[in-house]
Amino acid sequence: MLLSKLLEHRVVTSLEDREITSITDDNRKIQENCLFVCIKGGNFDGHTVAKQALEKGAYAVVVERDLGLGEKQILVDDTRAFYGALCATWFDHPERKMKFIGVTGTNGKTTITNVIKYILTKNNYKVGLIGTIQNEIGDEIIHTDNTTPMVFALMQLYDRMYQAGCDIVVMEVSSFGLVQKRIGLTHFDIAVFTNLTQDHLDYHETMENYYQAKKMLFDVCDKAIININDDYGKRLFSEITCEKYCYGNTGDYAYQPISVKANGTKFLLNQLEIAMQMTGYFNIANATASYAVCRLLGLENENILPYLQTCAGVKGRCEVIPTGKDFSVICDYAHTPDALENILENVKLYTEHKLICLFGCGGNRDKTKRPLMAQASAKFADKLIVTSDNPRDENPETIIADILTGLENFDIAYDVVVDRREAIKHALQTAESGDVIVLAGKGHEDYQIFANNYHTHFDEREVVAEILKELV
């Protein structure tokens with residue numbers, strides 16, 4: 001692409017117009033006649049290798065401070081934002097060619113995006129989905145490493161979706177993605193806010209910073225759908241200026257629970273009685289948000305409700321793992337105190353005997369939430385099994401010790417089994433008739449992460465099935 005076309009008059013340069021072979025912010029990917037964008041990150045500043053980039057063949061470097069490189073440097077105010085615009089141009093602006101729905105918040109994003117995609121697909125839309133578990137183009141599954149991909153990868157994915165005929169893109173928008181400007185020039189037709197509870201404070205440091213990061217989505221949307229049952233949602237609703245709607249126990253989309261059982265949930269939504277396969281009070285809120293999005297897209301009730309009721313939910317979100325036993329096992333991604341409390345509170349409603357919660361906390365992540373996870377689980381569980389999650393570079397026993405400090409004021413039985421597979425085996429061996437075991441934290445993940453980013457296969461569905469065969 002010609003430099004002049006790539007820059008789209010965003011900045012003035014005296015450089016001779018030339019064919020640019022690639023654009024990158026990764027100094028390992030520099031090639032002859034590429035454009036290298038210098039971005040300052042948490043651990044590395046691309047400006048420090050700008051001169052070397054030119055020596056390696058880059059035609060020019062984009063910088064946000066004068067490095068004394070003459071006409072070979074293109075000076076801009078914000079290289080992150082500028083790189084996002086370059087990536088959009090590189091792929092001929094796919095963000096302008098489809099409708100975009102963004103969902104942000106601590107919990108509920110994955111369920112809402114998947115339910116929306118399910119309903120829209122049933123109404124003959126071709127939908128692209130971008131999220132925590134995987135990316136999807138219609139029925140095609142694409143592996144993902146980040147909830148919100150890096151901006152070049154995101155624009156490339158948009159382009160693939162457009163070329164495949166997608167009408168709408170539904171995506172989880174993370175706080176990382178917003179702060180790091182990974183969404184580029186994306187403008188959302190509809191944006192959803194689910195809730196805000198403690199998570200990622202190792203990155204954002206304070207809840208206020210975390211909130212402000214999430215709020216950024218509502219500067220780039222036409223319509224907002226906000227959960228006003230959440231205190232941060234109420235605040236957000238009062239602060240944003242776009243067209244806005246609210247959902248919760250009251251509001252534009254009001255719900256009222258009728259019954260929650262292991263095999264499904266009944267509730268009223270704007271006085272319409274709905275019986276759905278998904279279970280849990282939190283899924284009433286998720287279903288309501290999904291319904292609101294579809295209504296704002298122009299779908300009528302007869303095009304929404306039948307599919308809202310038949311949607312089975314999402315892998316690893318309150319997922320029942322078959323056991324053939326007289327006790328139940330549920331796999332859930334809950335890895336924040338609020339999410340853990342929510343899943344246990346809901347499951348407790350239909351637990352006939354003991355509720356057993358097995359959980360751990362990730363290494364190299366927010367340490368302050370570890371005791372809070374213990375406290376959240378102790379509120380509703382009858383017994384805890386504390387184990388490993390993704391320990392990464394930390395000692396699993398140290399992580400568990402941090403967790404156990406949260407139980408000092410609780411009179412609850414607990415066992416510590418460091419190895420997660422052995423912990424699951426212990427839970428299955430000791431479960432009694434009518435018990436429900438909640439395996440919390442892994443959800444859809446089919447791996448564990450140990451030191452030096454070593455990944456090993458670990459799918460709790462497979463683990464449960466293997467152990468049950470061993471115990472026969």
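Let's start inside the protein: Phe-100 is buried, and so is Phe-188. Here buried means under 20% relative accessible area, exposed means over 50%, and partly exposed is in between (1.4 Å probe, protein chains only). Keep in mind that this is a predicted model, where local features need pLDDT of at least 70, side-chain atom pairs count only at pLDDT 80 or more, and totals for chains, interfaces and linings use all residues. Residues are numbered from 1 along each chain as its sequence is written, and side-chain values use heavy atoms, with hydrogens and water left out.

Now back to those two rings. A search of the whole structure turns up six aromatic pairs. Rings of Phe, Tyr and Trp (its six-membered ring) pair if their centres lie within 6.5 Å; planes under 30 degrees apart count as stacked, over 60 as edge-to-face and the rest as tilted. Phe-100 and Phe-188 have ring centres 6.4 Å apart and planes at 85°, so this pair is edge-to-face. Phe-100 sits in strand β5 (residues 99–104) and Phe-188 in strand β10 (residues 188–193), so the pair ties together parts that are 88 residues apart in sequence. Helices (H or I, at least four residues) and strands (E, at least two) are DSSP runs, numbered from the N terminus.

What about Tyr-211 and Tyr-232? These two form a tilted aromatic pair, 5.5 Å centre to centre with 35° between the planes. The pair links distant parts of the chain, 21 residues apart: Tyr-211 belongs to helix α8 (residues 207–215) and Tyr-232 to helix α9 (residues 231–239). Tyr-211 counts as buried at 1% relative accessibility, whereas Tyr-232 is partly exposed, with a relative accessible area of 23%.

Next, take a look at a pocket. On a 1 Å grid over the protein atoms alone, a pocket is an open set of points where a 1.4 Å probe fits, with protein on both sides within 12 Å along at least five of seven lines; lining residues have an atom within 4 Å of a point. The second largest pocket has a volume of about 330 Å³, with volume being the space filled by probe spheres set on the points, which are joined across faces, edges and corners. Its lining includes Asn-135, His-143, Asp-145 and Arg-160. Helix α5 (residues 151–163) gives the largest share of that lining, four residues.

Let's move on to a sheet. Strands of a sheet pair through backbone hydrogen bonds, either parallel or antiparallel. In this structure, four strands form an open sheet in the order β1-β2-β3-β4, with parallel pairing. Two strands pair if DSSP finds at least two bridges between them. β1 (23–24) and β4 (73–75) stand at the edges with a single partner strand each, so one side of each is left without a neighbour in the sheet. Two bridges join β1 to strand β2 (residues 35–37), and Thr-24 stands opposite Phe-36 in β2.

Finally, check out two loops. Most residues other than glycine have a negative phi. His-9, though, has a positive phi, near 60°. His-9 lies in the loop between α1 (3–7) and β1 and is exposed, with a relative accessible area of 81%. Asn-124 also has a positive phi, near 70°. You'll find Asn-124 in the loop between α4 (109–122) and β6 (127–130), exposed with a relative accessible area of 74%.
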